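Please read them with the structure open beside you.

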Amino acid sequence: MAINAPTGFNDMLPDQALFWNDFQATAARVFGRYGYVTIQTPIMEQTDLFVRGIGEATDVVSKEMFSAFSGANLETLLGGGTVKAKNRMSLRPEGTAGVVRAVVQHDLVPQGAAPAKLMYAGPMFRAERVQKGRLRQFHQVGVECLGAEAPTVDAEAIIMLMRFFAEVGIPADAMTLLINSMGCESCRPAYRDAVKAYMDEHASQLCETCLTRAEVNPLRAFDCKNEDCAAVMDGAPRITDHLCPDCKAHYAQVKELLDGAGVTYVEDSKLVRGLDYYTRTVFEVQVDNGLGSQNAIGGGGRYDKLAAEVGGRNTPGLGFALGYERCLLALQAAGVEMPKAGSCDLFVSVVESAGQAPAFALVQQVRDAGFSAEMDHQGRSVKSQFKLANKLGARFIVTLGPDELAAGQATLRNMETHEEVTIPFDQIASCL
Ligand code: HAM
């Protein structure tokens, strides 16, 4: 029986791979204008990094990590033994924790230095229930800015995110930008207590999971998809009513800067995001059509405590990540035409087998001149060579028959305009 790819792990077929390359190139171009440079971190990190960085109580860490053990360690584990922390590894469920680990490890933001502005692109892994727009291996482009806590960093990143979506072709009216502030360690604990007290009051209306959330991490209940829980959480205390003066001022300045830049947003005090490292500004971009419940195409926020959490000195940070697969779905839903992989400037067809060797030499010559060229490799008739040329989208076609071979020249046909010119073989490339 044929073996297929595991559920939720998709092949990126040529058209999609082309879009992934374009997506990364657009990101590098747009983010480069804002000073971002590329970093690549490993696909696998110590599990503890994600536990400490993302938070043990998050779904991502508690349920969705793919962990891996080398042969000997797996045997130890299966035999009931324990494996040292440095040998417990997981595939990265997101990019932020790894980038912050790298910043700390290589001291990329020495005290007093300008912020490090880093971008990355690559596969992420989460063992989620697979559905449209929700995969187990998916691809993100992300940015992280470490070393500055000014609201200008938050506003700049959000503006840059919206510029990226515009440049990639997602229509502005198909998206909604949601923003919120999650407060800081001085105002959030009291807020968390207020939410917990509210949830305790409404315990009889909450699902089992939310009852556990109330104990471990009450704010996660804002993400519950259960309709009863959602209705209860609609009436829960709002973080924006509990922000300390500093967080309130920071949030107000972010909004002011966005207003000044003409960025439209919706304040959503229930936006808490699924990862525990966030402080202050959080944001998410959702598309209104075509993606069902998995409608977030990108999101991020500030994480001023994460560097310290993973063992570094206090270094404020902020970033976001975009989901490539969801952006692709959003573009398709908006009817945007996607580029097709493969190009063919010239197709060289042959009438009989004597033409094969000259055709072979001609396609090499044209390729060496910097054009894409193709010929038949399967003994097709002239008619089906023309069909193949059409399928490949050839811009020009030339046919080598006995007369052409004898004269050393052939008729070059422009497939779009149907214009024809007869020229020597060695001048064909100059007419493409
Ligand atoms: P996130 O919201 O978990 O944030 O993921 C960012 C984006 O990745 C989502 O908006 C979505 O488009 C895409 N995504 C997430 N999970 C899946 C999935 N299972 N299948 C397909 N696409 C998915 C983060 O990952 C943070 N690291 C963002 C960040 C950077 N915050 C600060 N810096």
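**Notes on the predicted model**

1. An open sheet of 5 strands runs in the order S13-S12-S14-S15-S16, and its pairing is mixed. Its edge strands are strand S13 (373-375) and strand S16 (420-424), each of which pairs on one side only, and from one strand to the next the twist averages 25 degrees. Strands are taken as paired if DSSP finds at least two bridges between them, and both helices (H or I, at least four residues) and strands (E, at least two) are DSSP runs numbered from the N terminus.

2. This is a predicted model, in which local features need pLDDT of at least 70 and side-chain atom pairs count only at pLDDT 80 or more, whereas totals for chains, interfaces and linings use all residues. Residues are numbered from 1 along each chain as its sequence is written, and side-chain values use heavy atoms, with hydrogens and water left out.

3. Helix H13 (residues 356-368) lies across strand S12 (346-350), S13 and S14, and runs at about 165 degrees to S13. Such angles run from 0 to 180 degrees between N-to-C directions, the axes being lines fitted to C-alpha atoms, for helices over the stretch in contact, and contact means heavy atoms within 4.5 Å.

4. How many of the residues of strand S9 (residues 279-287) are buried? The count is 9 of the 9, so S9 is largely enclosed by the rest of the structure; buried means under 20% relative accessible area, with a 1.4 Å probe and protein chains only. S9 pairs in the antiparallel sense with strand S7 (residues 175-181) over 7 bridges, and Ser181 stands opposite Thr281 in S9. S9 also runs antiparallel to strand S10 (residues 296-302), to which 6 bridges join it, with Gly299 in S10 as the bridge partner of Glu284.

5. The buried residues of helix H1 are Phe19, Trp20, Phe23, Thr26, Ala27, Val30 and Phe31. They cover an arc of only 130 degrees around the axis, which puts them on the same side of H1; the arc is that of the directions from the helix axis to the C-beta atoms. What covers these buried residues includes strand S5 (116-125), helix H6 (151-168) and helix H12 (324-333).

Terms used: Buried < 20%, exposed > 50% of the residue type's maximum accessible area, 1.4 Å probe, protein only.
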